[in-house]
Amino acid sequence: MRKSLLFLSFFVLLFLANEVDDVNYEEYTYEQYLREHQKAYPEASEHNFRKALFETRLQEIIAHNKNPSFTWKEGVNQFTDMTEEERKAYRGLNKGLLYQSILKREVPKRAASVDPKFMETLPVNVDWRTAGIITNVKNQGNCGSCWSFGAAEGVESTVAQSTKTLIVLSEQNILDCTPNVHHCGGTGGCGGATVELAWDKIIATGIASEKDYPYISGNSGRDYSCKKNIQPTTNISKYVNLPSNQQQPILDALANIGPLAINVDASSWSNYRSGVFDGCNQKSPDVDHVVQLVGYGTDSAKGDYWLVRNSWGTGYGEKGYIRLKRESGTPRCGIDKKPSDGIGCDDGPPTVTVCGTCGVLFDALYPIYTPPSN
């Protein structure tokens, strides 16, 4: 990739950060929030309940933003008047990629620091959005389908790199047609699964376009039967799992190969608005969400970061993106003590070591597309 494209990331993110920090929350009302987010609660009891949730969180947001020690700002969004259980539905309880491939390899108990000489060989900033291989930010809605979004986005990007054509692919095709008999990352469909399961299925049968097989589970939050008569648009030939909890291979892959599917602890992401986020529980992370890692860089005021594309719509964060703190020394590690709620398959381990901010280094992978021989 040309470095001139990569350096555009700084200006893109500077624009985003300036655009999202212009709300005066001291004067912000629940009625204004309902109008802006097109919400309504006809029943007085629910309206009052939601308003109380909103006002409590609004005060927390105001207090957070007044603290100059934080490197990120918080703000209101679609989650502000939701219960924590409702918020969980947007994460999907996909706790990582302890599917067959990761069960066969050792997960390091600590993360190694990055060789400074290695960093000198890489671009200072990488932002794959400037290369024309990232589709627009999507919204998974009220369905634990993050795993299907991460899987579809990864295929979209790798196919676009090879064919020079960016096609929006079908998350619904993945949700409806990917069996999960061993409960890897959840119960399947809106109940959660893994990117590996999705990519194994795509290798076998391909994937349809969003146009041919549109996403409908976001509104209903329910699963649907597989439509087997729809023809696939593309496929992949295999995928690569990067070494777990190691920062250097991820930096190398981002700079020289492309975007990555990763699993993270997003349980504290709901209020994020802008800046470089560092608000996860690093001692006991609870990996529960799949996202697309599309770059890295350095903010002159807030430090090094990973650039992450979320699937919660453009109203979330920096136009649908979040920047996570990228550690220049030895990354922090913690122990995920609740792997049974989606960390892998039925026979997964009781605990797992997770490294990097919000577990960003725990498991990263990318697909490989092989053009047809004819």
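Start by selecting Arg326 and Trp306: the charged end of Arg326 sits over the ring of Trp306, at 5.9 Å from the ring's centre. Keep in mind as you look around that this is a predicted model. For another arginine over a ring, pick Arg129, which lies over the face of Tyr321, 4.4 Å from the ring centre.

**Into the core**

Next, select Ile262 and show what lies around it. Beyond the residues up to four places away in sequence, Ile262 touches His289, Val290, Val291, Leu293, Val308, Val360, Asp363 and Ala364.

**Along a helix**

Now highlight residues 146–163, which make up helix H8; its 18 residues reach 26 Å from the first C-alpha to the last. Is H8 mostly covered or mostly open? Mostly covered: 15 of its 18 residues are buried. Just past the end of H8, click on Lys164, where phi is positive, at about 65 degrees.

Time for the aromatics: the whole structure holds 16 aromatic pairs. Select Phe79 and Tyr316, an edge-to-face pair with 6.5 Å between the centres and 75 degrees between the planes. Phe79 is in the loop between strand S1 (72–74) and helix H5 (84–88), while Tyr316 is in the loop between S7 and S8, so the pair ties together parts 237 residues apart in sequence. Phe79 is buried, at 0% relative accessibility, and Tyr316 is buried with a relative accessible area of 0%.

Another edge-to-face pair is Tyr272 with Phe277, at 6.1 Å and 85 degrees; both residues are buried.

**Last stop: a histidine**

Finally, find His64 in helix H4 (residues 44–66). His64 counts as buried because its relative accessible area is 8%, under the 20% cut-off. A polar atom of the His64 side chain lies 2.9 Å from the backbone oxygen of Trp72. Apart from neighbours within four places in sequence, His64 is in contact with Phe70, Trp72, Lys73 and Glu74.

Notes. Residues numbered from 1 in each chain as written. Predicted model: local features only at pLDDT ≥ 70, side-chain atom pairs only at ≥ 80, totals over all residues. Heavy atoms only, no water. Contact = heavy atoms within 4.5 Å. Helix = DSSP H or I, 4+ residues; strand = E, 2+ residues; numbered from the N terminus. Expected span 1.5 Å × (residues − 1). Buried < 20%, exposed > 50% of the residue type's maximum accessible area, 1.4 Å probe, protein only. Polar contact = N/O pair within 3.5 Å; in protein donor to acceptor, adjacent residues only side chain to side chain. Phe/Tyr/Trp six-rings, centres within 6.5 Å; stacked < 30°, edge-to-face > 60°. Lys NZ or Arg CZ within 6 Å of the ring centre and 35° of its normal.
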